[in-house]
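Student: Could you show me how to read the way a helix sits on a sheet?

Tutor: Gladly; let's look at an example together.

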Amino acid sequence: IYWRFREQFTEINPLKFFIIQCLQRRDLAVFKKTVSLFYFPTDQMAKIADFGMPYDVLPPGAEVMKESGQSEEDDKRILQEDILTLFFVGGLSPGYGFDVLLDAMKIINCDSLRLRLLAVCREQEWLDFQKRYSFVQPNWLEIHHVSFGNGLEELYRKADLGVLPIRKSIYRDFAISVKLFEY
């Protein structure tokens, strides 16, 4: 239902958004012809989507898991380290909140180095971001332009915690980024 929230995605090229909207409306037409019960991740999303079809809410996908041994070791290491490394993968457009994350990191690290940030984004987005958000790149920030199978896994291993700054919006109240689960 991305297309129902046009005002939330002003940074998207209008032609690209139009194409997305057409494809999603086509998908919805196919669903209405072929599906007898539509599943949503939450009741809130179902009410907002209101496709005019019978629906149900999906049950939880899994039980909460904690790997024995490894997670306890990670927890101990994080508690003992003086400087933690945060990890961010994602877009840098104004709708996300990378700028807010950087502002928070500046405050935290103003007197001494307490947190590092490994950030992964597209190269062009980084160049565009620097035009909107002027600063001297601090020693606690590393920017990478890698992808899965091309160095991303190595960066995951260097990180202590994953961060996902997202500005509040109606759409993002029920749409959860897959990155959250990867972290």
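Tutor: Here α4 lies across β3, β4 and β5, running at about 160° to β4. Axes are lines fitted to C-alpha atoms, for helices over the stretch in contact (heavy atoms within 4.5 Å), and angles run from 0 to 180 degrees between N-to-C directions. Helices (H or I, at least four residues) and strands (E, at least two) are DSSP runs, numbered from the N terminus. This is a predicted model, where local features need pLDDT of at least 70, side-chain atom pairs count only at pLDDT 80 or more, and totals for chains, interfaces and linings use all residues. Residues are numbered from 1 along each chain as its sequence is written, and side-chain values use heavy atoms, with hydrogens and water left out.

Student: Which residues of helix α4 are buried?

Tutor: An α-helix has 3.6 residues a turn, so residues three or four places apart point the same way. In α4 (residues 98–108), Phe98, Leu101, Leu102 and Met105 are buried (under 20% relative accessible area, 1.4 Å probe, protein chains only). They are on the same side of α4 because they cover an arc of only 100° around the axis, taken from the directions from the helix axis to the C-beta atoms.

Student: What do the buried residues of α4 pack against?

Tutor: They pack against β3 (84–89), β4 (115–120), α5 (123–132) and β5 (141–144).

Student: In what order do the 4 strands form the open sheet?

Tutor: Strands pair if DSSP finds at least two bridges between them. The order is β5-β4-β3-β6, with parallel pairing. β5 and β6 (161–162) are the edge strands, each pairing on one side only. β3 and β4 pair over 6 bridges, and phenylalanine 87 has leucine 118 in β4 as its bridge partner.

Technical notes
Buried means under 20% relative accessible area, exposed over 50%, partly exposed in between (1.4 Å probe, protein chains only).
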